[in-house]
Amino acid sequence: MIKKISPALFFFLPLFLFLQTGFSQTTKKVLRTIIIDPGHGGLDQGAKGAFSTEADVSLAVSLKLGEAIQKECPDTKIVFTRTTDILPGNKTNKTDALRYRADLANQSAGDLFIAVHCNAAPPIRHSEVTGYRTVTTKKKKKKVTKKVPIYRYWYTPNPAEGTETYIWALSKSDAKINSVSKNDDYYGEIDSTSTLTLPDPSDPAERARMLIYAQNYFRKSLTFADLIEKGFQAQGRTYRGGVKQRNDKGIWVLQATGMPSVLVEIGFITNKEEENYINSDKGQDEIVTNIVSALKDYKQRLESRQLMTDDKKAF
């Protein structure tokens, strides 16, 4: 005897098959390529501490970061802007090297850009009056004598410490819009026979569409940066006010990269204790552990959001 098949089965069977195989087939990897940018390099050594430079420390931490990310996310491609003590692209000046960093990131179709830097603070100037000297001047053809203080000046190290993570400011979307066209995600996937037409920012519709992408990059950058800063805070690092937006003095690698981008200041190289920390294996391992932990959380959030989108599309 053949049993009658319930009509409901015809509804739930496709759903069951989709849940089993659909996500893996249709969901695009959210972090296919990550760009890691060690700050400075070569003739540009950046900030200097008592025994180390920003270029050297940033490179050491970046290489460890890339290795750790590759271990956690083996399917993700890691692209370094430099792996030795040179200006990126082996350029001969800082301006060209900065442009190379952003161009490399865009040409590599990066999904995330992480710049690693060290912070610095100038020495604090102190003064005191050590005596007076007599000065005679002419004022309205009359001699005037007065005492002028003599000062002694000296400097002490700046105690500034802690981490800072920067993103490109939402108020500066125009600069980011110009970078949107450099990212493949803006166009979607195309085949080798397609004709690629660059968007025209002067077209109101295209500009509005590009602005959406720029704002999306801002939100993602803010999410990732906030996770990094909260992680540092949990590790006991000094809190310096959370994520900061650069909207006064531009950071080229944040402005010119068509993807979510963050710049992490891992500590003050001008602070004796922090210089020791960021040069130590313990300090560098903790910095890397925190950024990778933030990355995993960020990746999970992106994947959850994408699964929700795919789920809506399925129905």
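N93 caps the N-terminal end of helix α3, with a side-chain oxygen 3.2 Å from the backbone nitrogen of T95. This is a predicted model. Start with that helix, then move to the strands.

**Helix α3**

Helix α3 covers residues 94–107, which is 14 residues. From its first C-alpha to its last, α3 reaches 20 Å. That is close to the 20 Å expected at 1.5 Å a residue. After the helix comes A109. The phi of A109 is positive, near 55°.

Which residues of α3 are buried? They are A97, R101, A102, L104, A105 and N106. An α-helix has 3.6 residues a turn, so residues three or four places apart point the same way. Keep that in mind when you look at the buried set.

What do the buried residues of α3 pack against? Their partners are the strands β1 (33–38), β2 (77–80) and β3 (112–119), together with α6 (252–255).

**Strand β8**

One of those partners, β3, also pairs with β8. Strand β8 runs over residues 261–268 and is mostly covered. Eight of its eight residues are buried.

| Strand paired with β8 | Sense | Bridges |
|---|---|---|
| β3 | parallel | six bridges |
| β6 (residues 164–168) | antiparallel | three bridges |

Now pick out single residues. H117 has E265 of β8 as its bridge partner. T165 stands opposite V264, also in β8.

To sum up, β3 packs against buried residues of α3 and pairs with β8 in the parallel sense. Strand β6 pairs with β8 in the antiparallel sense.

Technical notes
Residues numbered from 1 in each chain as written. Predicted model: local features only at pLDDT ≥ 70, side-chain atom pairs only at ≥ 80, totals over all residues. Heavy atoms only, no water. Helix = DSSP H or I, 4+ residues; strand = E, 2+ residues; numbered from the N terminus. Expected span 1.5 Å × (residues − 1). Buried < 20%, exposed > 50% of the residue type's maximum accessible area, 1.4 Å probe, protein only. Contact = heavy atoms within 4.5 Å. Polar contact = N/O pair within 3.5 Å; in protein donor to acceptor, adjacent residues only side chain to side chain. Pairing = 2+ DSSP bridges.
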